[in-house]
Amino acid sequence: MKKDKAESLVFEIKDKSELMIDLAYSSLIYDNRIIAEEVYDLENLIDELYQDLQRETLEEVKNRKLLVDDALTLMKLAQAGEQIADAAQEIADVVLRDVELHPVLKDSIRESDIVFTRVQVDEKSILCGKTLGELKLASETGMMVIAMRHGNRWLYGPTGKTRIDPGDVLFARGPEDGEKHLIELARGETREI
Amino acid sequence: MKEKKHHSIFGILQRAPKDKWKKEEFSELEYEPVSVKDLLTEMKDISELIIDLAYSAVLFNNEEIAEEVKFLEVRMDKLNYDIRMMAMLAARTKEDAEQLAGILQVAEAAESISNAAGDIVKMLEGKTRPILSRIFQKADEKLFRVQVSSTSKACNQRIGDLKVESETGMRIIAVRRGDYWIYNPRSDTTITADDWLIVRGTEEGYEDLSKFLKGKLKVLE
């Protein structure tokens, strides 16, 4: 068994729950049921992780691999992550209902400090064929890619190893001036990162 | 930058709220007409900021940031109350009510997020432990603390002009200036020598930004 399995589980819960909020808000902006459904799936995953974590933490305490205080810290962090995941699911639930979204929902999220953007990558773009890690998109443009659509396939929470191909649709979160830069890069209008 | 609504509390220099805020917030708890959109925008902004603040509070073992989280949590309660009032007044037909119910559900979710943040900062009452930093170290986007040197070109410049976020990907969550804090600084917030910044982003972004803020790098690119 891996030494810090409980720690890794908590990290995954924390990381996924934050991604879920971003996905939930962007599903609202784009009235996008596919993203909203992914939030639902992630919520189920987090429930499972949370249960695994509870068992794992107890085991590690029993085997004296983990101090009681550390175990409590892990459980509390995981619980907060679980609560955040539930909240994200509530938001996604609004999108999945058969009621047209109130225009205020989109407007209020657009007016926020952080914008969500969606852009398709043109074959002329210098992003093509490169990984997110090579491009350092997040540190160069301020835009964090939270989801991608590659043909019919969706990828949520891409990593540095994820490659961008022509035709991919990127969903990203970041500041307003970063949005413009990312759109120009993806459309091939600028070649400078 | 669009003009912010009158009641937003972000980006404003404020003293770390101690015992005073509780009374002030509750005495304010009366109905005032504000648009549902403004309320929801602020709730959404708080819901994103408050998690970063809560994690920063436990990671840096900082009581003052924890106080701000508690303050925002109370503020969120008030906003949620106001938005319910406004939504009820706005509903005329069944269709209105259906759409407005969606808004209230999102507002409720934003409030749940702030409650989770409140639970996170309660961990400060115990001791913060190395296990926390180990978990935070694993993330792609991490939280960092950095002080601005008087030799840095950032001094007396506005955050918006420096384009901190689009040049480095680092988002400034809070600024500490002497006894004061500025939470979620806006693009017109000026950076001053000796400010402490709490920022969130990748390690590469942080490397550039910290060199710049320490005066080792003349420009941000």
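# Chat about a predicted two-chain model

User: I'm new to this one, and I've landed on A:Ile21; which helix of chain A does A:Ile21 lie in?

Analyst: A:Ile21 lies in helix H1 of chain A, and please keep in mind throughout that this is a predicted model.

User: Is A:Ile21 buried or exposed, and why?

Analyst: A:Ile21 counts as buried because it has 24 C-beta neighbours inside 10 Å, and the cut-off for being buried is 20 or more.

User: What is A:Ile21 in contact with, if we leave aside its neighbours within four places in sequence?

Analyst: With those neighbours left aside, A:Ile21 is in contact with A:Ile84 and A:Ala88.

User: How much of chain A is buried?

Analyst: Of the 193 residues in chain A, 48% are buried. As for its contacts with a separation of 6 or more, 79% are between residues 24 or more positions apart.

User: Which domains does the assignment give for chain A?

Analyst: The domain assignment gives domain 1 (5-104) and domain 2 (113-187) in chain A, and the C-alpha centres of these two domains lie 24 Å apart. The contact between them takes 10 residues from domain 1 of chain A and nine residues from domain 2 of chain A.

User: Which helices supply the domain 1 side of that contact in chain A?

Analyst: H1 and helix H2 (33-62) of chain A each supply at least two residues of the side of domain 1 that touches domain 2, and the largest share, six residues, comes from H1(A). By class, that side of domain 1 of chain A has seven nonpolar, one polar and two charged residues.

User: What about the domains of chain B?

Analyst: In chain B the domain assignment gives domain 1 (17-125) and domain 2 (139-213), with their C-alpha centres 25 Å apart. Here 11 residues of domain 1 of chain B are in contact with nine residues of domain 2 of chain B. The largest share of the side of domain 1 of chain B that touches domain 2 of chain B, seven residues, comes from H2(B), and by class that side has six nonpolar, one polar and four charged residues.

User: Changing topic, how many residues does each chain put into the contact between chain A and chain B?

Analyst: The contact takes 46 residues from chain A and 43 residues from chain B. On the side of chain A that touches chain B, the largest share is the 14 residues from H3(A), and the residues of that side divide into 17 nonpolar, 11 polar and 18 charged.

User: Now H7(A): which of its residues are buried?

Analyst: The buried residues of H7(A) are A:Gly178, A:Glu179, A:His181, A:Leu182, A:Leu185 and A:Ala186. Seen down the axis of H7(A), these buried residues fall within an arc of 170 degrees, so they line one face of the helix.

User: What do the buried residues of H7(A) pack against?

Analyst: In chain A they pack against strand S1 (115-120), H6 and strand S4 (169-174), and in chain B against helix H7 (164-168). Just after H7(A), A:Gly188 takes a positive phi of about 80 degrees.

User: What span should the 12 residues of H7(A) have?

Analyst: At 1.5 Å a residue they should span 16 Å, and the end C-alpha atoms of H7(A) are 17 Å apart, which agrees.

User: Last topic, the strands of chain B: in what sense do S2 and S7 pair?

Analyst: Strand S2 (residues 142-147) and strand S7 (residues 196-201) of chain B pair in the antiparallel sense over six bridges, and B:Val146 stands opposite B:Leu197 in S7(B).

User: And how many bridges join S4 of chain B to S7(B)?

Analyst: Five bridges join strand S4 (residues 171-177) of chain B to S7(B), and these strands run antiparallel; B:Ala174 stands opposite B:Ile198 in S7(B).

Conventions: Residues are numbered from 1 along each chain as its sequence is written. Chains are lettered from A and ligands numbered from 1 in the order in which they are written. This is a predicted model: local features need pLDDT of at least 70, side-chain atom pairs count only at pLDDT 80 or more; totals for chains, interfaces and linings use all residues. Domain bounds come from an automatic or database domain assignment. Two residues are in contact if their C-beta atoms, placed from the backbone, lie within 7 Å. Helices (H or I, at least four residues) and strands (E, at least two) are DSSP runs, numbered from the N terminus. Ala, Val, Leu, Ile, Met, Phe, Trp, Tyr, Cys and Pro count as nonpolar, Asp, Glu, Lys and Arg as charged, and the others, Gly among them, as polar. The expected span of a helix is 1.5 Å times one less than its number of residues. A residue is buried if 20 or more other C-beta atoms lie within 10 Å of its own, exposed if 12 or fewer, and partly exposed in between; C-beta atoms are placed from the backbone. The arc is that of the directions from the helix axis to the C-beta atoms. Two strands pair if DSSP finds at least two bridges between them.
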